[in-house]
Amino acid sequence: MANKQEIAKVEAPQSGELVSMSEMTAMMGQMMHLMQGMAETVRATNERVTALEKQAALSARVTAGQSKHINAAIREQAEKVAAMHGMGSSTTSTQAIARAIRRDVCLTAGVTSTRELPKCEYRVYLQQVALWDDYKVIKAIKAREATK
C-alpha cells in the first residue's frame, strides 16, 4: 500500500523543463507501484465489505411466520416418516420424530430454536426438513416405544 512518503518521492518536472527518458521511466515505475498499492487497498476493502454483508445476512433471523411454517413442515414430515416406517399415527412417536428433526435442523444451524434460524437460509432448512429420514433415530424411537 502506498503511503504519503512514497507519494512525496514522485516529483513532477517544472513547467518547461525537459525530462530524460530514464527519469520518466523511474517516475512511471513509482506511479505504477502506487497504483498497485491503491488497487490492493480497494480489493481488501471490497473483501471486508463482502464479509460484513454476509455476516449481516446471517444475523437476520426468520420471522415468526416463517418459524411457524418451518415447525408445521417439521410436524408434517414427522407424520410422513412415522407412516413410512410403520409407526402408525401415534402422537408420541410423531412428537419424538418431530423433536429429532427440530434438533437436527437447529444443530445444523448452530442455534437453539427454529426462531433463531438465519433468514437467508430459510429455504435451505425447509429443504432439510423435507428430506429428513434418519434410520438410526427412527430405530431408537421404535425401541423406546416398544419398551413402554
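User: Let's start with the overall layout. How many helices and strands does the protein chain have?

Analyst: This is a predicted model, so keep that in mind as we go. The protein chain has six helices and zero strands, and along the sequence the pattern reads α-α-α-α-α-α.

User: How much of the protein chain counts as buried?

Analyst: The cut-off to remember is that buried means under 20% relative accessible area. Here, 26% of the 148 residues count as buried. The accessible surface comes to about 10,600 Å², and 58% of that belongs to carbon and sulfur atoms.

User: And what share of the contacts comes from residues 24 or more positions apart?

Analyst: Contact here means heavy atoms within 4.5 Å. Counting contacts with a separation of 6 or more, residues 24 or more positions apart account for 70% of them.

User: Now the inside. Which residues touch the most other members of the largest nonpolar core?

Analyst: Look for Ile97, Ile101, Leu117 and Trp132 among the 25 residues of that core. At least two residues each come from helix H3 (64–84), helix H4 (91–109), helix H5 (122–131) and helix H6 (135–147). H4 gives the largest share, with seven residues.

User: Let me zoom in on one of those. What does Ile97 touch?

Analyst: Leave out residues up to four places away in sequence, and Ile97 touches Ala78, Val81, Ala82, Met87, Trp132, Ile138 and Ile141. Ile97 is itself one of the buried residues of H4, along with others including Ala96, Ala100 and Val105. The buried residues of H4 pack against H3, H5 and H6.

User: How do I check the span of a helix like H4?

Analyst: Compare the reach from first C-alpha to last with what you'd expect at 1.5 Å a residue. H4 has 19 residues and reaches 27 Å, close to the 27 Å expected. H3, with 21 residues, reaches 30 Å, close to its expected 30 Å.

User: Where is His85, and what does it touch?

Analyst: His85 sits in the loop between H3 and H4. At 18% relative accessibility, His85 counts as buried. Not counting residues up to four places away, His85 touches Asp133, Tyr135, Ile138 and Lys142. His85 and Asp133 are 48 residues apart in sequence, with their C-alpha atoms 9.8 Å apart in space.

User: Last stop, the surface. Which residues make the nonpolar surface patch of about 420 Å²?

Analyst: Met21, Met24, Met28 and Met31 make that patch. Take Met31, in helix H2 (residues 21–59). Met31 is partly exposed because its relative accessible area is 36%, and partly exposed covers the range between buried, under 20%, and exposed, over 50%.

Terms used:
Residues are numbered from 1 along each chain as its sequence is written. This is a predicted model: local features need pLDDT of at least 70, side-chain atom pairs count only at pLDDT 80 or more; totals for chains, interfaces and linings use all residues. Side-chain values use heavy atoms; hydrogens and water are left out. A nonpolar core is a set of buried Ala, Val, Leu, Ile, Met, Phe, Trp, Tyr and Cys residues joined through side-chain atoms within 4.5 Å. Buried means under 20% relative accessible area, exposed over 50%, partly exposed in between (1.4 Å probe, protein chains only). Helices (H or I, at least four residues) and strands (E, at least two) are DSSP runs, numbered from the N terminus. Patches are made of residues with over 30% relative accessible area and no salt bridge: like charges are joined within 9 Å, nonpolar side chains (Val, Leu, Ile, Met, Phe, Trp, Tyr) within 5 Å. Accessible areas come from the Shrake-Rupley method with a 1.4 Å probe; for residues, only the protein chains shown count as cover. A salt bridge is a side-chain nitrogen of Lys or Arg within 4 Å of a carboxyl oxygen of Asp or Glu. The expected span of a helix is 1.5 Å times one less than its number of residues.
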